[in-house]
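Biologist: Before we look at anything in detail, I would like to learn how to read individual features of a model, one after another. Could we go through a few of them together?

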Amino acid sequence: MYLFKSQIRYSECDSQARLTLAALLNYFQDCSTFQSEALGVGGKYLKENNLVWVLSSWQIVVNRFPGLCEEVETGTFPYGFKGCFGYRNFFMRTAGGETLAQANSLWTLLNLEQQTMAHPTERMKEVYEIQDRLPMEYAPRKITVPEGGVYEEAIVVKKHHLDTNHHVNNGQFVDMAMNSLPEDFAIRQMRAEYRMQARLGDKLIPYVVRTPELCVVSLRSLEGNPFAVVEFISNGMPG
């Protein structure tokens, strides 16, 4: 397990001085990066071996968004490898041990030279400590997009949307989808399914389905193929 402590910054807060979902996602993503770098299987190692981990799906369950200056601890660990896939949990908790949020994620390892999926190397299997997965309610990876939605204004991919792999960062997809949320929508859970890479200059057309408890945003190409599908469930959802 990898852990790091922090304090919620003003730049990470919304208008209510609480951590945003986008910032929470960045904490989780940074935490896994810190662990990989600390174990010697981070960016340099992946580049030398023509490998890259691509995020396939997120599930983030929020109990409470921490407030400005609150001290938090973020942690992550892998709980399994299966073929070309890696399974990883995340959590954020207060200094007093209150669980603020938990997450599940699925990653796919790709060989960039051969443009194929790849199995984790022996070194990866050796250094990553596999632990029991978190006790949370695990949702399916696939997200169903209901009918009856509406199309919204296209989003053009800019340079600030890109990551070191030169395609749209997974967190940027979630940020784009959040623009379609109703003003008073209180997020309890977010799921994201990533289907295609989007690059500089691509146009993403949001197809949005809203109910009082649910908002599903399918970010589609001009041909109608989804780059990513993001589902938000509100605090008003039963259970």
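This is a predicted model: local features need pLDDT of at least 70, side-chain atom pairs count only at pLDDT 80 or more; totals for chains, interfaces and linings use all residues.

Biologist: With which side chain does the side chain of Asn104 make a polar contact, and which residues does Asn104 touch beyond its sequence neighbours?

Modeller: The partner is the side chain of Tyr79, at 2.7 Å. Leaving aside residues up to four places away in sequence, Asn104 touches Ser57, Trp58, Gln59, Tyr79, Arg88, Asn89, Met136 and Tyr138.

Biologist: Where is Asn111 found, and is Asn111 buried or exposed?

Modeller: Asn111 is found in strand β5, which covers residues 99-111, and Asn111 is buried, at 13% relative accessible area. Its side chain has a polar atom 3.0 Å from the backbone nitrogen of Glu113, and a polar atom of that side chain lies 2.8 Å from the backbone nitrogen of Gln114. Not counting residues up to four places away in sequence, Asn111 touches Asn50, Leu51, Thr116 and Ala118.

Biologist: Which residues does Ile60 touch, not counting residues up to four places away in sequence?

Modeller: Ile60 touches Leu21, Leu24, Leu25 and Phe28, and also Gln102, Ala103, Arg188, Gln189 and Met190, when residues up to four places away in sequence are not counted.

Biologist: How should I read a helix such as α1, and which of its residues are buried?

Modeller: An α-helix has 3.6 residues a turn, so residues three or four places apart point the same way. In α1 the buried residues are Leu21, Ala22, Ala23, Leu24, Leu25, Tyr27, Phe28, Gln29, Cys31, Ser32, Gln35 and Ser36. At 1.5 Å a residue, the 18 residues of α1 should span 26 Å, and this agrees with its end C-alpha atoms, which are 26 Å apart. Gly40 follows α1 and has a positive phi, near 80°.

Biologist: Which residues other than glycine have a positive phi, and where do they lie?

Modeller: One of them is Ala17, with phi near 60°, found in the loop between β1 and α1 and partly exposed, with a relative accessible area of 33%. Cys69 is another, with a positive phi of about 70°; Cys69 lies in the loop between β2 (51-62) and β3 (71-82) and counts as partly exposed at 46% relative accessibility.

Biologist: How is a pair of aromatic rings described, and how many aromatic pairs are there here?

Modeller: A pair of aromatic rings is described by the distance of the centres and the angle of the planes. The count here comes to twelve aromatic pairs. The rings of Tyr2 and Phe34, for example, have centres 6.4 Å apart and planes at 55°, so this pair is tilted. Because Tyr2 lies in strand β1 (residues 2-7) and Phe34 in helix α1, the pair ties together parts that are 32 residues apart in sequence. Tyr2 is partly exposed, at 24% relative accessibility, and Phe34 is partly exposed as well, with a relative accessible area of 35%.

Phe173 and Tyr194 form a tilted aromatic pair, 5.9 Å centre to centre with 45° between the planes. Phe173 lies in helix α4 (residues 170-178) and Tyr194 in strand β9 (residues 187-194), so that pair ties together parts that are 21 residues apart in sequence. Both Phe173 and Tyr194 are buried.

Biologist: Which residues form one aromatic cluster with Tyr2, and which charged ends sit over rings?

Modeller: Tyr2, Phe4, Tyr27 and Phe34 form one aromatic cluster. As for the charges, the charged end of Arg133 sits over the ring of Tyr138, 3.9 Å from its centre, and the charged end of Arg220 sits over the ring of Tyr207, 4.3 Å from its centre.

Key: Residues are numbered from 1 along each chain as its sequence is written. Side-chain values use heavy atoms; hydrogens and water are left out. Contact means heavy atoms within 4.5 Å. Rings of Phe, Tyr and Trp (its six-membered ring) pair if their centres lie within 6.5 Å; planes under 30 degrees apart count as stacked, over 60 as edge-to-face and the rest as tilted. Helices (H or I, at least four residues) and strands (E, at least two) are DSSP runs, numbered from the N terminus. Buried means under 20% relative accessible area, exposed over 50%, partly exposed in between (1.4 Å probe, protein chains only). A charge sits over a ring if NZ of Lys or CZ of Arg is within 6 Å of the ring centre and within 35 degrees of the ring normal. A polar contact is a pair of N or O atoms within 3.5 Å; within protein, one must be able to donate a hydrogen and the other to accept it, and residues adjacent in sequence count only if both atoms are side-chain atoms. The expected span of a helix is 1.5 Å times one less than its number of residues.
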